[in-house]
Amino acid sequence: MALSTSSVITLKINGEKHTLPVDHRTTLLDALRERLDLTGSKKGCDQGQCGACTVLLDGRRTVSCLQLAVAAEGHEITTVEGLAEGDRLHPVQQAFLDLDGYQCGYCTPGQICSAIGVIEEHAAGWPSAVTDDVRPEAGPPPLTADEIRERMSGNLCRCGAYVSIVEAVARAAAAGTSADTRGRASAGSANDTEGAVA
């Protein structure tokens, strides 16, 4: 007896449940874009190298082109479409807008989702490859420009908007952004980022 190569799954995306049949080989990115018309996540390299398809899975960033849709069942998926609260942008979205953290915009949804993950990871005390003191008791390192660049290094911008992206992440972090607030924190002033981007 041949095994089935498809299943009916239920994905919880941006707080809503979506039930759909999928081939077991369908990636989360393809399910989002092709089956559910959530086209904010972009298909760039389709190999997990560019970060354009980054979404949040249970609050942690993941490249959706390498995540199978069937493996995402039972998890909370947040895409760029689910970040704003009505007409009010998430603080990371607002910081990208205010500081021109984009040019063509293709990579921007992935950059924004990744930035939210970065801010959460930093607040939780996770070290990066450039963190000097990795002892747990040292707490989170200062979120310097080098820390932000290292933590965001999995997201490529072909236009080269990196300076503004670093400033936007620093501003949103200074505003106390988290993936759980979904846009309720207010964006800080441009002066909040001076120490992080110097």
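**Exercise 1.** How much space lies in the largest pocket?

*Solution.* The model is predicted, so local features need pLDDT of at least 70 and side-chain atom pairs count only at pLDDT 80 or more, while totals for chains, interfaces and linings use all residues. Residues are numbered from 1 along each chain as its sequence is written, and side-chain values use heavy atoms, with hydrogens and water left out.

Step 1. On a 1 Å grid over the protein atoms alone, a pocket is an open set of points with protein on both sides within 12 Å along at least five of seven lines, and lining residues have an atom within 4 Å of a point.

Step 2. The largest pocket holds about 180 Å³ of space, a volume being the space filled by probe spheres set on the points, which are joined across faces, edges and corners.

Step 3. Among the 14 lining residues, Tyr 106, Cys 107, Leu 156, Cys 157 and Arg 158 are the closest to the centre of this pocket.

**Exercise 2.** Describe how helix 2 and helix 5 pack.

*Solution.* Step 1. Helices are DSSP runs (H or I, at least four residues), numbered from the N terminus. Helix 2 spans residues 91-98 and helix 5 spans residues 162-174; their axes, lines fitted to C-alpha atoms over the stretch in contact, lie 8 Å apart at an angle of about 140°, on a scale from 0 to 180 degrees between N-to-C directions.

Step 1. Contact means heavy atoms within 4.5 Å. Pro 91, Val 92, Ala 95, Phe 96 and Asp 98 of helix 2 meet Ile 165, Ala 168, Val 169, Arg 171 and Ala 172 of helix 5.

Notes
Helices (H or I, at least four residues) and strands (E, at least two) are DSSP runs, numbered from the N terminus. On a 1 Å grid over the protein atoms alone, a cavity is a set of points where a 1.4 Å probe fits but cannot get out, and a pocket is an open set with protein on both sides within 12 Å along at least five of seven lines; lining residues have an atom within 4 Å of a point.
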